[in-house]
Amino acid sequence: MPKHFMDEYEPLLLKDFEDSKKAKFPSLSLVLALCAACIGGTFQYGYNISIINAPTYVHDFINQTWKERFQTDISEDVLTLLWSTIVSGYTIGGFIGASVGGVLSVKLGRKMTLLANNIFALTAALLLGLSYPAGLFELLIVGRLFTGINAGVAICVQPQYLGEIAPTSLRGAMGMGTSIFITGGILSGQVVGLKELLGREEYWPILLASTCIPAFLQLLILPWFPESPRYLLIDKGDEEGCKKALKQLHGAKCDQEWEDISQERNNLAGLTAKKPWELLRDRSVRWQLLTIVLLNAAQQLNGINAIYFYADYLFKQAGIPSDKIPYVTIGTGACECITALTCGMLIERLGRKALIGGGYSLMSICCILFTLTLTFQDASPIIPYLSMACVFAFILSFGLGPGGVTNILTTELFTQTSRSAAYIIAGSVNWFSFFFIGLVFPFIVVGQYCFLVFLVICFSVALYIFLVIPETKNKTFLEIQNEFNQSPNNRAANKTMIQDLC
C-alpha cells in the first residue's frame with residue numbers, strides 16, 4: 001500500500017478507533033432517565049394515535065347521543081363533520097403544544113416542562129372517560145385537543161432533554177429513544193385495542209381514558225432524575241447543579257461532558273435564548289433551519305400514511321379474513337418498533353446521514369415497486385403478496401432513518417440558545433404537515449399513482465441529505481455548528497451578511 005495513502009488515512013482510522021472506544025454502554029441511571037422521560041412523552045404520542053383507529057363505537061355513541069337530544073338520527077354529513085373534528089382536534093392540539101413547548105422548556109426547564117405536561121394528559125383522560133357516562137360527545141373533542149397539546153409539548157421538549165443529558169458518543173442512540181417509544185406506543189395501542197382486551201363496545205371510554213397510566217408513571221419516576229445539565233449551566237448558570245446532574249447521569253468520570261458544556265457556555269457568553277422569529281432572521285443558521293423544516297415536513301408527507309391506508313386493502317386482497325386483519329396490523333406496528341430498536345443500535349456506527357439518507361432512498365425504491373404491484377394487482381395471485389412485502393419494506397425503511405433520525409438532527413444542528421426556538425419551528429411544521437396530509441389525503445389517494453408523488457418527495461429529500469447535511473456522529477454541538485458554517489453555501493451566506501452590515 002502506498003505510503004502517502006497511509007499518511008492520509010491513518011488519522012481517520014485512529015479517530016474511528018477512538019470513537020468506537022468512546023461509544024460505551026450508557027449508565028443505568030441514564031437509561032432509566034430516558035425511560036422516565038419517554039413513557040409520559042412520545043409514548044403518549046404513539047399510543048393516542050393508534051387507540052382512536054376504531055371509529056365505529058364512537059360513531060354509535062354520537063348517533064345515540066344526538067337521537068336522545070333531538071329525537072332524530074344524525075345525518076351522515078354531520079356525523080362525518082363531528083368525527084373529523086374529534087380526529088383533527090389532536091393535530092390542532094399538537095400544533096398548539098409545539099408552539100408553547102419550546103417557550104416552557106426555557107422558562108421551566110426540560111424536566112419540569114415534561115412533568116407539567118402531564119396536566120394535559122390527565123385532563124384529557126378525565127374528559128374522554130366521562131364522555132360516555134355524561135352523554136356528551138363534546139367532551140371527546142376537548143379531550144382529544146388536550147391529548148394533542150400533551151403530544152405537541154412532549155415531542156418538542158423530550159428530544160431536547162435526551163440530547164442534552166446524553167454524552168456526545170451516545171447522543172444518537174439516546175435520541176432514538178424518541179422513535180422507539182413512539183413505535184412502542186403505537187404497538188401498545190394496537191394490542192390494547194384488540195377485542196380480547198379493551199377493543200369492545202362497552203370498554204372504548206376506558207380505552208381512551210387509559211392515556212392517564214403513562215402520565216402517572218412519569219409523575220412517579222421522572223422526579224428522581226436531574227434536570228438537563230446543559231440547561232442548568234448554560235441557561236441558569238448553576239455550576240454545582242450541573243456537576244451533580246452529570247455525576248448522577250454519567251458516574252464519577254464525567255470530565256469530558258463537563259468540558260464540552262463549559263466550552264459551549266463560554267462560546268455563548270452574553271447570549272440569551274432566541275425567539276423563533278429571531279432565529280428565522282439569523283442568516284448564520286439559515287441552512288440548518290431549511291434542513292429541519294424540510295425533514296420535518298417530509299416526515300409526514302413521505303407516504304407512510306398512504307401505506308397504512310392501503311394496508312387493510314392489501315391484506316384483504318391477500319386472502320386474510322377481515323376479523324384477522326387487526327392482528328396482522330399489529331405485525332406492522334411490531335415491524336416499525338423492531339426497526340427503531342435496530343436503528344438505535346446502528347446509529348453510532350453508521351452515522352445519521354447514512355441512515356436517514358439510506359432510508360429515504362429505500363423508500364423511493366419502494367414507491368416504484370408499490371406503484372407497479374398495485375397497477376398489476378390482478379395479473380397474478382402472487383402480486384398481492386408482493387404488495388404486502390412492499391408495505392413491510394416501506395415501514396422498515398421509514399423506521400430505519402426518517403422515523404427516528406429527524407428529531408436527533410433537530411437537536412444536533414443547533415446550540416443551546418437556538419435549540420428551543422428551532423424545536424418550536426420544527427414542531428409547528430411537523431404538526432401542520434400532519435394536519436395537511438389528513439386534509440388532502442382523500443384527494444391524493446386516487447389510485448396507485450399517488451405513490452409517484454411520494455417518490456418525488458422521498459428522492460428529493462434523499463438528494464438534499466447527501467448534498468447538504470454533514471455527518472454529526474461523535475461531534476459536539478459547537479463542532480457541528482462550525483462544520484455547517486464552513487460549508488460553501490454558508491460561507492456565501494455569511495459573506496452576504498457581512499456585506500449588508502458594512
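Predicted model: local features only at pLDDT ≥ 70, side-chain atom pairs only at ≥ 80, totals over all residues.
Me: How many disulfides does the structure hold?
Reply: The structure holds zero disulfides. A disulfide is a covalent bond between the sulfur atoms of two cysteines. The term is applied here to a pair of cysteine sulfur atoms within 2.5 Å.

Me: Why is Cys 35 called partly exposed, and what is Cys 367 called?
Reply: Buried means under 20% relative accessible area, exposed means over 50%, and partly exposed is in between (1.4 Å probe, protein chains only). Cys 35 has 31% relative accessibility, so it counts as partly exposed. Cys 367 has a relative accessible area of 0%, so it is buried.

Me: Where is Gln 190 found, and what makes it buried?
Reply: Gln 190 is found in helix H9, residues 171-192. Helices (H or I, at least four residues) and strands (E, at least two) are DSSP runs, numbered from the N terminus. The relative accessible area of Gln 190 is 15%, and therefore Gln 190 is buried. Leaving aside residues up to four places away in sequence, Gln 190 touches Ser 50, Thr 329, Ile 330, Thr 332 and Gly 333; contact means heavy atoms within 4.5 Å.

Me: Why is Glu 348 called buried, and what does its side chain reach?
Reply: Glu 348, in helix H18 (residues 325-350), has a relative accessible area of 10%, so it is buried. Its side chain reaches the backbone nitrogen of Ala 173 at 3.1 Å. With residues up to four places away in sequence not counted, the residues that Glu 348 touches include Arg 171, Lys 473 and Asn 474.

Me: Where does Asn 474 lie, and is it buried or exposed?
Reply: Asn 474 is in the loop between helix H23 (450-468) and helix H24 (477-485). Its relative accessible area is 9%, so Asn 474 is buried. Its phi is near 60 degrees, a positive value in a residue other than glycine.

Me: Why does Gln 71 count as exposed?
Reply: Gln 71 is at 62% relative accessibility, so it counts as exposed. Gln 71 lies in the loop between helix H4 (56-70) and helix H5 (76-107), and has a positive phi of about 55 degrees although it is not a glycine.

Me: What makes Gly 93 count as buried, and which residues does it touch?
Reply: Gly 93 is in helix H5 and is at 0% relative accessibility, so it counts as buried. Gly 93 touches Leu 145, Gly 148 and Ile 149, not counting residues up to four places away in sequence. The C-alpha atoms of Gly 93 and Val 142 are separated by 9.4 Å, with the two residues 49 apart along the chain.

Definitions and conventions:
Residues numbered from 1 in each chain as written. Heavy atoms only, no water. Polar contact = N/O pair within 3.5 Å; in protein donor to acceptor, adjacent residues only side chain to side chain.
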